[in-house]
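Please open the model in a viewer and keep the selection tool at hand.

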Amino acid sequence: MDIKTDTDQAADTGGIQIKTRQVWVADAVELLSSMRFAISLLTLIAIASVIGTVLKQNEPMPNYVNQFGPFWFEIFNKLSLYSVYSAWWFLLIMTFLVLSTSLCLIRNAPKMLKDMRSWRENVREQSLRNFHHKDEWRSSNTRPQVIARLGAHLSRIGYKFKVVEKDGASLLVAKQGAANKWGYIFAHSAIVIICIGGLLDSDMPVRFQQWFMGKVPFEGNGIIANIPQQHRLSLANPSYRGNTMIPEGSSSSTAILPQATGVLIQDLPFTIKLKKFTIDFYSTGMPKLFASDVEVTDHETGKSFASTIKVNEPLIYKGIAVYQSSFEDGGSRLKLKAYPMSGAANTTFDLAGEMGGSTPLPGMGGNDFTIEWSGFRPFNVENMARNGTDVRAVNTDQSFNEKLSADLDKHLGSAAKNANNKDLKNVGPSLQYKLRDKTGQAREFHNYMQSIMIDGAYMFLAGTRDSPAEAFRYLRIPADDDDTIKEWMRLRAAVNNPELREQAAKRYAVRALPPNIDNPAQMQSQLSESAKKSLSIFAGDGQQAGFVAIAKFLENIPAAEQTKAADVFMKILNGSMWDLWAVAREKDGLPELALNDKHAQFLQLATGAISDSSFYGAPVFLQMTGFEEVKASVLQVTRSPGKKVVYLGCLFLVIGVFSMFYIRERRLWIWIRDEGQGTHALMALSSQRKTLDFEKEFEQLKIHLRQSGVQNAEVKQQDTK
C-alpha cells in the first residue's frame, strides 16, 4: 500500500501543472507557426488592402460624413477604416504575421539545412526497388570500374556524389539542386524583413510618442511657430510622412502630419525656401510638368544650397526625402465687382480678396455675410463639343441635375477625357468661394471670369451648391453687346422695380395696340393692366418668382384653356420685357437699343436667367475683374528608415522565388554489388516535383548511366516500372 505525504502530492500536482503548461505552449507554437494560420493572416491583410484601396485614406472627416452619412460614418470610424494601414488591428495582424513566419523559420530552417547537407545514405537495396523511377543492369566490368565511370559521368552533368560501402556492396549517392531549400528560407525571411521594414515606416513611432510621451494632435487654427511642444515632434523622430505647402517667396521648416483628430507638427533640420514654381500643361489642360526651385538651409551648419525638386526626382538630405507632391494656390490676390442679386437696386461695389482668407460682406439684406475664398484657377480647359447639352443650366429636377452634374464633372476644370483636342478650349479663370451668414450656414459658389460660347450665345457661368457633396448647378447669364453682365443686371433690377414695371406696361400697351380698333383707350388700358400683371407675377411675391410663379398662376385657369392662356401670357411677358429693358436704359440715361435678332435672343436668354436666378441663393454675384496669381508647391517630406530594409526583403523574395521555381532538387542512388564475374547495378531517382521534364531527364539519365557503367560489355536489361 502506497502512502503519500502532502509534500509528495504537491510535487505531483506541480509536475502535472508544468506538463499542462508545456503542452499549452507547444500547441500555441504549433498554431502560430502553421501554414493555415499564416494564410489566414495573409487573407485578412489582402481584404484590408482592398478596403484601403477602394476607400480614400486620411481624408478630412467631414468628407466621410457627407459620403456615408452619420450612421455608417460612426461604424467605419470605430473600425478605423479611414486609416486602414495605421489601424491598431492592421498593425496587430502584421505583428502576428511576422511572429508566425519567424516561428515557422525557426522550426523548419534547421531541418532544411540539415537535409541539404545530408546524403540520405541509409537506404537498402530493397527500398530502392520500391521507387517508381528505377532501372537496373548487369555489367562485366568490376565494381571499382563501374563506380569510377558512373562517378565521372555524374560529375560531368553537375551531380555531387559519395560512395558508401555497406553489406558487401557499394552505394553511390548523388544529389543536385539542394539549394532549392534556400528558396523556402529566403522567401519566408523576405516576408519577415518586408513586414519589419513596413512597421518601421509606419506611424508606429508617432503613435508610440502619443501613447507614452504626451504628444497630442493640434486641433483648430494657429500660427505654426506658436503651436506648443505637446503638438510637435522632435528631430529625433525616426519615421514620419507629412506635407508642407510653400508659396513662392516663402519658406518652411516644418511638415504637417494629418491625424484623425487634428495634426502634428514635425520639425525639420533644415529650412526650404521656394524661389520659383514651374508648371507646364498639355493641350488638354492636364499638368505636364511641375517642379520647385528651392533653396535649402541647414540649421546646424547654416550652409545653403539650391536644388530643383521634380516629380519622381526628390531631394534627399540628411536621410529625409522631399518629394514634389502637388501644387496649390499660394494666396492669389483677387479684384472683384459685386452685383446685387435681389431687390430693385443695381448699385455695384468693388471687393478685394486673398485666396485662403476671408472678407466681410456687411449689410446685405439685413444679414452680415463673410466670403471665404477657397479656390482659384487661372485657366480652365473645357470640351466645347457637348452635343447640344448645356451642363450648366440651373434646374430643380434632381434626376436631370444628376445627369448634368456627371457631365460637368467629366468636362469641367482640367480638361475632358476622351475628347478631341480641337474641341478643347481655355475658357479663362474661375473663382470658388463660400458665402457664410452669421448663423454659420454656408453656400458655395463657382464663377467664371469670362463669357463662354454655349449653344450659339456667350454666357457667364455662375455655379452654386448647398454642400460639398453636391455638384455645382450653373446659372447662365447672357453677355451683352460689350461682353459684360451689366445689361442683364439692369434688367434684373428693373423686374424688381414696381415703378419701372408700370412704366413698361404702359409703354407696351401703346406699342402693342392694334390699329383701327374701336374704343382704343379701353383696349390700351386692358393691355397695360395685363402687361403689368404679367411682369408682377414674373417678379414674384418673395416666395415664388419667374416661370415657377407663372406655372402656379396658370393652375387657377381651367385645364382646357391653360394652353391658350399660357401662349397669351408669354407673348405679353416677352413684349413687356423689351419695354422694361428700354425703360431701365432710359432711366440710366442710355439710348434705346435696336430691336433685332441679336437683342431678341439676348432678351429671351436674359428672361430665362432672371427666372433661374431665384435658385441662386446669394444676395450678390461676384465677378472677378483682375487677379495676381501666387503659386504654392506642396511637398511631401518623409523619413523612411525601413526603405532599405524593404529593398533587402524584396531581394530575398526574388532569390527565394527563383530558387523554389527554377531549382529542382534530385536525389540519385545506385546500388552496385558483385555478381559472378561482373557487377549488378540498381538505380533509383527521386525529385520533389514530378514534371514532364523530370520524366525526360530520367529516361536520358538511365541511358547514359547504362552506357557509362556497361561500356562495351554485354548488357542484360531489367526494367521494372
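**Whole chain**

Of the chain's 721 residues, 44% are buried (under 20% relative accessible area, 1.4 Å probe, protein chains only). This is a predicted model, in which local features need pLDDT of at least 70 and side-chain atom pairs count only at pLDDT 80 or more, while totals for chains, interfaces and linings use all residues. Residues are numbered from 1 along each chain as its sequence is written, and side-chain values use heavy atoms, with hydrogens and water left out.

Colour by secondary structure to display 17 helices and 27 strands, which are DSSP runs (helices H or I, at least four residues; strands E, at least two) numbered from the N terminus.

**Helices 7 and 16**

Select residues 180-200 (helix 7) and 643-662 (helix 16): the axes lie 7 Å apart, at an angle of about 160°. Helix 7 is therefore roughly antiparallel to helix 16 (angles over 145 degrees, taken from 0 to 180 between N-to-C directions of lines fitted to C-alpha atoms over the stretch in contact).

**Helices 10 and 14**

Next, select residues 486-495 (helix 10) and 559-587 (helix 14), which pack at about 105° with axes 9 Å apart. Helix 10 is thus roughly perpendicular to helix 14 (65 to 115 degrees).

How values were computed:
Angles under 35 degrees count as roughly parallel, over 145 as roughly antiparallel, 65 to 115 as roughly perpendicular and the rest as oblique. Buried means under 20% relative accessible area, exposed over 50%, partly exposed in between (1.4 Å probe, protein chains only).
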